[in-house]
Amino acid sequence: MALFLFDPDTFDDQNDPCLVDVKACKAASDIVSNVGSLFTELNKFESREAVTSLFYERAEDFVDVFFSESEANKAGIKIALSDEMVLCLLEKNKLPIACRALMILDTLIHHHCLVGGKKLIDCLNRIVKAGDKLYELCQRIITRHPDHAKAETVKDSISSFLNHESNLLMQVGDKQRFAKRIHLMYGDGKVRPSMMHDEAIDTTWRYYRKNVKCWSKYPLACINCGIFEEKEGRKHNQCSVCMNALYCSKECQRREWKDHKAVCREGYIEHEDLNFRLRNVDGQIRFLFSLPENDEEAKNLVYEES
């Protein structure tokens, strides 16, 4: 199922039929109620360690609404996250739905970073995607209402989300996306080409992995199955082409190739009849040549120690 989150600028409350559609209004009411219930429950826990498994189950069920194919649910999301709803809640000095939902997803991401396994991969493929869209909406709220009493809380929710999302991206070795999040968190919010060349990306990932204690405690994980790297024993390896994915085995790399190959090719430069690029590894220039054109050729992929 595809992620559905709309752009509020495209929402016309005068002409959009979802406002007079009973099913859409009911869906919006259910979304607002569900978020409110989860948010209230979340605030009762004294710490993240105290959050119950039942809460995580309910929160994961809530994420499904962002991937629903139901037209009523899509319209319901439009209403629940609309500018009109934001204004209504801010006037009552309450947090907008997007911010509350982002806090809920943030808690889920932190949990899965510690648990690992298939849940971690599901988190990467679904929860993070939904969270990224909610993050954009929260940024929009801050831009439009910078002086509101709730603006700092919205900023804090964004910061926490980016922090835990970065944790997850670091764990699976997605260095490029990790570096972008770091620049969003600690830079001026702009990602420049000079920040994103291979050496800078790799240096950023390795520095935070080694030196930032709150992140180094999270074990590396296979981007296909989510299994954690053992402290003592065999280490995970990275894709030798893009170096932006960690795998526990060649089998996992082959299985994930169908999804990974499109991303893996992004960094390639066309030159004559070859796909190639240069990489500086331990002072030596390494040429990485053409990627396999099909899944059968993926059997010959090599992967290197991270």
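**Histidine, rings and cysteines**

Let's start with His164, which is buried, with a relative accessible area of 8%. Keep in mind that this is a predicted model. His164 belongs to helix 7.

What does His164 touch, leaving aside residues up to four places away in sequence? The list is Arg48, Asp106, Ile109, His110 and Cys113. Take Asp106 from that list. Its side chain joins that of His164 in a polar contact of 2.6 Å. Now take Ile109. In sequence, His164 and Ile109 are 55 residues apart. In space, their C-alpha atoms are 6.4 Å apart.

On to the aromatics. How many aromatic pairs does a search of the whole structure find? Six. Here is one of them, Tyr135 with Phe161. The ring centres are 6.5 Å apart and the planes sit at 25°, so this pair is stacked. The cut-off for stacked is under 30 degrees. This pair links distant parts of the chain. Tyr135 sits in helix 6, residues 118–144. Phe161 sits in helix 7, residues 151–171.

Next, Tyr207 and Tyr208. Their ring centres are 5.4 Å apart, with the planes at 85°, so this pair is edge-to-face. For edge-to-face, the planes must be over 60 degrees apart. Tyr207 has 48% relative accessibility, so it counts as partly exposed. Tyr208 has 17%, so it counts as buried. The cut-off for buried is under 20%.

There is also an aromatic cluster, made up of Phe45, Phe55 and Tyr56.

Two charged residues lie over ring faces. Arg126 is over the face of Phe67, 4.7 Å from the ring centre. Lys175 is over the face of Trp205, also 4.7 Å from the ring centre.

Last topic, the cysteines. Cys138 is buried, at a relative accessible area of 0%.

Key. Residues are numbered from 1 along each chain as its sequence is written. This is a predicted model: local features need pLDDT of at least 70, side-chain atom pairs count only at pLDDT 80 or more; totals for chains, interfaces and linings use all residues. Side-chain values use heavy atoms; hydrogens and water are left out. Helices (H or I, at least four residues) and strands (E, at least two) are DSSP runs, numbered from the N terminus. Buried means under 20% relative accessible area, exposed over 50%, partly exposed in between (1.4 Å probe, protein chains only). A charge sits over a ring if NZ of Lys or CZ of Arg is within 6 Å of the ring centre and within 35 degrees of the ring normal. Contact means heavy atoms within 4.5 Å. A polar contact is a pair of N or O atoms within 3.5 Å; within protein, one must be able to donate a hydrogen and the other to accept it, and residues adjacent in sequence count only if both atoms are side-chain atoms.
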